[in-house]
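Welcome! Here is a short tour for anyone opening this structure for the first time. Take a look at the sequence and the model, then read on.

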Amino acid sequence: MTTVRQGSNIVDSYETKFGIRTLKFDPNHGFFINGEHVKLNGVCDHHDLGALGSAVNERALQRQLQMLMEMGCNAIRTSHNPPAPELMEFADQMGFLVMDEAFDCWAIQKRPADYHLLFPDWHEQDMRALVRRDKNHPSVIMWSIGNEIPEQGKGAAGAAIAKELSDFVHDEDATRPTISAMDSAKAGSPFPW
C-alpha cells in the first residue's frame, strides 16, 4: 500500500498487487520459474477479440484465455502492442506467462499512418511507460521491444535502436530479459543478443 499524507491526513492511497518469483533462462536446459523447469506452450495474442473488435470486453477476454488454457497454452506474446490492463490482470490470476510486447513498428514506415510517425519523439516514453505499468505483474517473464520490425534487417542502425530500447527497459526493470523477433534479419546480423 502506498500512502500519501499531508501532515497527519491521508490524502491518497493506492494498493499495488505484485508477485515475487525467480526466473532463469538457461541455453542448455530451458526456462525455470522458482527453480522448476517449465516448457512454454504459447500463442501470439493480438489485442482484438476477433469479431468483437478492440474495445475490451472482460468476459470475452476471460473466455478466450480459458479456452487457451484448456488447449494447454501457458504463455502469451502480446502481439504487437501493449496489452490491455485487463489482460494482464487475468494473466496473473490464471497463471499465464507473458512476453509483454511494445512495438510492431519503429522508425521505418510499414503503413502510411503507423507508429513510425511517432517513434522519433515517443519511443522512449512509450517503452518506459509500458515497463512501469506492467513490471509488478508476476506473469511478465520478458519484454519484447518489437516484432516484424524492418530495421532488424538493416545492420548496425537497427541494432543501435534495439540496444537503445533494451537499455530503456533495463533502466526500468533489470530483472527480466528483452527480446525482439527478427523475421527479417539475415545470418550474421549485428544483433548481439
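A residue counts as buried when its relative accessible area is under 20%, as exposed when that area is over 50%, and as partly exposed in between. Please keep in mind that this is a predicted model.

**The aromatic rings**

- A pair of aromatic rings is described by the distance of the centres and the angle of the planes.
- Five aromatic pairs turn up when the whole structure is searched.
- One of them joins Phe-103 and Phe-119 edge-to-face, with 6.0 Å from centre to centre and 75 degrees between the planes.
- This pair links distant parts of the chain, as its members are 16 residues apart: Phe-103 sits in the loop between strand 8 (97-101) and helix 3 (119-134), while Phe-119 belongs to helix 3.
- Phe-103, Trp-106, Tyr-115 and Phe-119 together form one aromatic cluster.

**How hidden are these rings?**

- Is Tyr-115 buried or exposed? Its relative accessible area is 18%, so Tyr-115 is buried, because the cut-off is under 20%.
- Phe-119 has a relative accessibility of 4% and therefore counts as buried too.
- Phe-103 is likewise buried.

- You will find Asp-173 in the loop that runs between helix 4 (156-172) and strand 10 (178-180).
- With a relative accessible area of 6%, Asp-173 is buried.
- Which side chain does the side chain of Asp-173 meet in a polar contact? The partner is Arg-176, at 2.6 Å.
- Setting aside neighbours within four places in sequence, Asp-173 is in contact with Val-131, Lys-135 and Trp-143.

**The enclosed space**

- Rolling a probe the size of a water molecule over the atoms shows where empty space is left.
- In this structure there is one cavity of 30 Å³ or more.
- The largest cavity holds about 140 Å³ of space.
- It is lined by 15 residues, and those closest to its centre are His-46, His-47, Leu-61, Ala-84 and Leu-87.
- What kinds of residues make up the lining of the largest cavity? Eight are nonpolar, six are polar and one is charged.

Note on methods: Residues are numbered from 1 along each chain as its sequence is written. This is a predicted model: local features need pLDDT of at least 70, side-chain atom pairs count only at pLDDT 80 or more; totals for chains, interfaces and linings use all residues. Side-chain values use heavy atoms; hydrogens and water are left out. On a 1 Å grid over the protein atoms alone, a cavity is a set of points where a 1.4 Å probe fits but cannot get out, and a pocket is an open set with protein on both sides within 12 Å along at least five of seven lines; lining residues have an atom within 4 Å of a point. Grid points are joined across faces, edges and corners, and a volume is the space filled by probe spheres set on the points. Ala, Val, Leu, Ile, Met, Phe, Trp, Tyr, Cys and Pro count as nonpolar, Asp, Glu, Lys and Arg as charged, and the others, Gly among them, as polar. Helices (H or I, at least four residues) and strands (E, at least two) are DSSP runs, numbered from the N terminus. Buried means under 20% relative accessible area, exposed over 50%, partly exposed in between (1.4 Å probe, protein chains only). A polar contact is a pair of N or O atoms within 3.5 Å; within protein, one must be able to donate a hydrogen and the other to accept it, and residues adjacent in sequence count only if both atoms are side-chain atoms. Contact means heavy atoms within 4.5 Å. Rings of Phe, Tyr and Trp (its six-membered ring) pair if their centres lie within 6.5 Å; planes under 30 degrees apart count as stacked, over 60 as edge-to-face and the rest as tilted.
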